[in-house]
Amino acid sequence: MSGPILLAVCYGLLAVFVAAFVVRSVRIARLPVHLRWELSPIPKEKTRGRYGGSYLEEYEWWKKPREESLVSELVYMLKEILFLKALWEHNRRLWWFSYPFHVGLYLLVLAAAVFVLGSGAAAVGLTGPEWGILRVWLPVVAGAGYVLGALGALGLLVSRIADPKLRVVSTPVAMFNLALLLAVFVTGAVAVSTVTGVVGHALTFGKALLTAGPMPAMPGILAWHAALTLVFLAYLPFSQMMHFVAKYFTYHEVRWDDEPMKQGGSMEREVQQLLDQPVTWAAPHVGADGGKNWVDIATQEVPR
Amino acid sequence: MSGPLRIKDIGLREGQRLTSLDAEKLIPLPPPYDSTDEYPVFKELKPEAAERMMCNLDGVVALSLPHPESPEHEQELVDQFAEGLRKLFTKENNWTFLQPLTLALEYCVGCQTCSDACHVFKASGEEIYRPTYRSEVWRRLVNKYVKKGGKLMAPLTGADVDLNWTTISRLYELAYRCNLCRRCAQVCPIGIDNGLIAHELRKLFSQELGWAPRELHENGTVLQLQVGSSTGMNQVLVKDNVEFIDEDMTEETGIEVTTPWDKEGADVLLIHNAGEIMAWPENPGAFAIVLNAAGIDWTLASEGIEYDGVNYGLFYDDVQLARIAIKHVTAAKDLKVKRIVMGECGHQHKAIMTVADRVLTGELRGVQRESCLPLLEEIVFSGKIEFDPSKNDFPVTLHDPCNIVRNLGIVEPQRRILRYLCPQFREMTPHGVDNYCCGGGSGFAVMSPNNFTEWRVGVAGRMKFKQILDAFADQPGPEVQKYVCAPCSNCKGQIRDMLQYYGALEKSGITYGGLVELIVNAMVDVKEPFIKWEMH
């Protein structure tokens, strides 16, 4: 494949990643307001959050100020994000694989940020000794990420095959996702450990991407790694692996959404629009005729 | 069926059961309930009943679904199900839960963390009761039959479940093997809610096919909307019954008990689960004693459905949920009361206080809604009533109704009362928001068709019964009278059935009741013991 075509393919894959990521995230965010479906514990509850209590414990709760703590919520989130606390507490066996897998990914996100920074520096000609630190730390951080990620992915893959209770719900796509990530991790680990001047090669590649410059020739394993990584990124937003975005919504928009609707507020206006929609459920007791909206259905005489 | 159970088995082997329950696989109970004689017996359906209704899941029949009349009828029902499946993902038909449902569809990673959190699965070890089994069947159906290109992509997405009569008839029963307690959602690292999926399946069956348990629908929400109460009591009868309770309470306690009705502008409109009036009259009686003694300006209401806080729509049908909640709050607004206070009924709390919150618009938002538990705490610690905690000096443990505790976060008020008034109060393990469901949740407590009671008590309730026994392990014998405090009507019904089933009053001296009864029992002005050590 010639250089410009290769560059176009790389841009195409990155564009798919960005566009699909944004579209899928926005789509979840724009789903309509739903009925309250909160679930304790809600960590933003100051003091009460520790045992799962809520403001509804207060006598005449509507007259009392809500006592919320952003710090408690952040601490809860950090424990979950950094340590996978829920899995540690409730599924320890899987945690031993899932944790290195996720830490590997976190390290690689960090390494990717350093890679972009370093590539940018190289693109604008910053090659002073202060940037040399990148050449030391980038392979260390990325290498650790690849190794931990590979160990975790392998463990998860084997678990899905060997453990009957996991196997029964493991679809071909789920197995493919893990295999693809394992391939990314393994090629990365091999590249970091075997390619001489791997950081230089990587930064030259990054510089070419940032400047649309000529694509450098890369050692085979590094080229494979780059190709797999870009394919993975383009595929990611279409996969279940977007659960790191979904998790924000399952927690903040569902479990922790305990906000009473305010009279005359924006939520009430949205709800009124939703209630104005026609209902087409077919069961006789619903009494829908395609024209009646939710308000009609809920307030008119109930069909017998 | 031989070999490990696969998800797609739900639609295979027409006419056979997907699994058969094995009582010996149930978790063991402590003595004297540990012998094989004590295992629940899952009765077979009588042949004539088996001919009339579908029995192809686990040998238990909660729903009495008749066989289709003809192959054409069967296909029509399957098509209707497919249509309902699509409607679950339309904004106009299911805005009420579209976001959480979409998240539950797309992002479960199949880690099975939820399995051990489920009391039904943990008690039985049955694969079909894993929270993910039902969800994965549903997910694969959606992936194959609702998503564009679903059939084409099925080999990759693993969407291998066939949509046929066997699948939907089994799935209908399976939607009623979950108590909707949401303990599984609580432990899910991603936040996926398998309880919600069971709930949405029930909705699909009800709102599209018109299928729902008779106890919840015809004899539940429909009766309530027609007559005023799912108990069948009309306005006249409920007033008669409460008057009778007042007389009884007056005679029993020596305190003049009167219940005010339809008092315009009252500070508190108390709404009981009307089942209390019928089955546990001491509970509304105790409320009247406490509220009167504390000088609360309160009333019951007889308009419309206002004397029955039940809202079974919460368990299976958004339309019925909205209809009932709107009627409750509209009547309160018309009576110009300051607030509605929920009696000791968990699902009533959840339905009116939170889930229906966003269907109450405009003027209906002017009526505040509150749990009885903070009100009772306020009264107990106000100094307006004199208490003698030594009158409650017997072992007491507390059951946490899922709908009040895990789902609403009302954890401590009831505990502060019990720690003050009950010297021998002890917690179950686990408790609070981590509690186990009683096994009667989501309407099961009022469902006893065919052989469902054995399952409800023997499987769904087994974990709770074990917790109760463990809480009293220091004094297990019948010579010490013990009390399970369950501030929820449905939970009480389930606990009553469990204690009766195992003969726990005779063998272990365990009875049960609400919270307000313990408060009255500790009142200095109430001379005779209010708690009765009998099965009621």
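In the predicted model, residues 24 or more positions apart account for 62% of those contacts in chain A that have a separation of 6 or more. The secondary structure of chain A consists of twelve helices, with zero strands. Read from the N terminus, the order of elements is accordingly α-α-α-α-α-α-α-α-α-α-α-α.

The overall dimensions of chain A were examined next. The C-alpha trace of chain A spans about 80 × 45 × 45 Å along its principal axes. The radius of gyration of chain A is 25 Å, whereas a compact globule of 304 residues would have a value near 19 Å. Of the 304 residues in chain A, 33% are buried.

Chain A also takes part in an interface with chain B. In this interface, 69 residues of chain A are in contact with 75 residues of chain B. On the side of chain A that touches chain B, at least two residues each are supplied by α3 (85-90), α6 (164-167), α7 (172-194), α10 (243-255), α11 (266-275) and α12 (294-299) of chain A. Among these helices, α10(A) gives the most, with nine residues.

Chain B was considered in terms of its domains. The domain assignment divides chain B into domain 1 (7-209), domain 2 (218-378) and domain 3 (386-521). The centres of domain 1 and domain 3 of chain B, taken over C-alpha atoms, are separated by 29 Å. These two domains are in contact with each other, through 28 residues from domain 1 of chain B and 29 residues from domain 3 of chain B.

On the side of domain 1 of chain B that touches domain 3 of chain B, the elements giving two or more residues are α5 (119-124) and α9 (183-187) of chain B. The largest share of that side comes from α5(B), which gives five residues. By class, the side of domain 1 of chain B that touches domain 3 of chain B comprises 18 nonpolar residues, together with five polar and five charged residues.

Key. Residues are numbered from 1 along each chain as its sequence is written. Chains are lettered from A and ligands numbered from 1 in the order in which they are written. This is a predicted model: local features need pLDDT of at least 70, side-chain atom pairs count only at pLDDT 80 or more; totals for chains, interfaces and linings use all residues. Two residues are in contact if their C-beta atoms, placed from the backbone, lie within 7 Å. Helices (H or I, at least four residues) and strands (E, at least two) are DSSP runs, numbered from the N terminus. The radius of gyration is taken over C-alpha atoms; the globule rule is 2.2 Å times the number of residues to the power 0.38. A residue is buried if 20 or more other C-beta atoms lie within 10 Å of its own, exposed if 12 or fewer, and partly exposed in between; C-beta atoms are placed from the backbone. Domain bounds come from an automatic or database domain assignment. Ala, Val, Leu, Ile, Met, Phe, Trp, Tyr, Cys and Pro count as nonpolar, Asp, Glu, Lys and Arg as charged, and the others, Gly among them, as polar.
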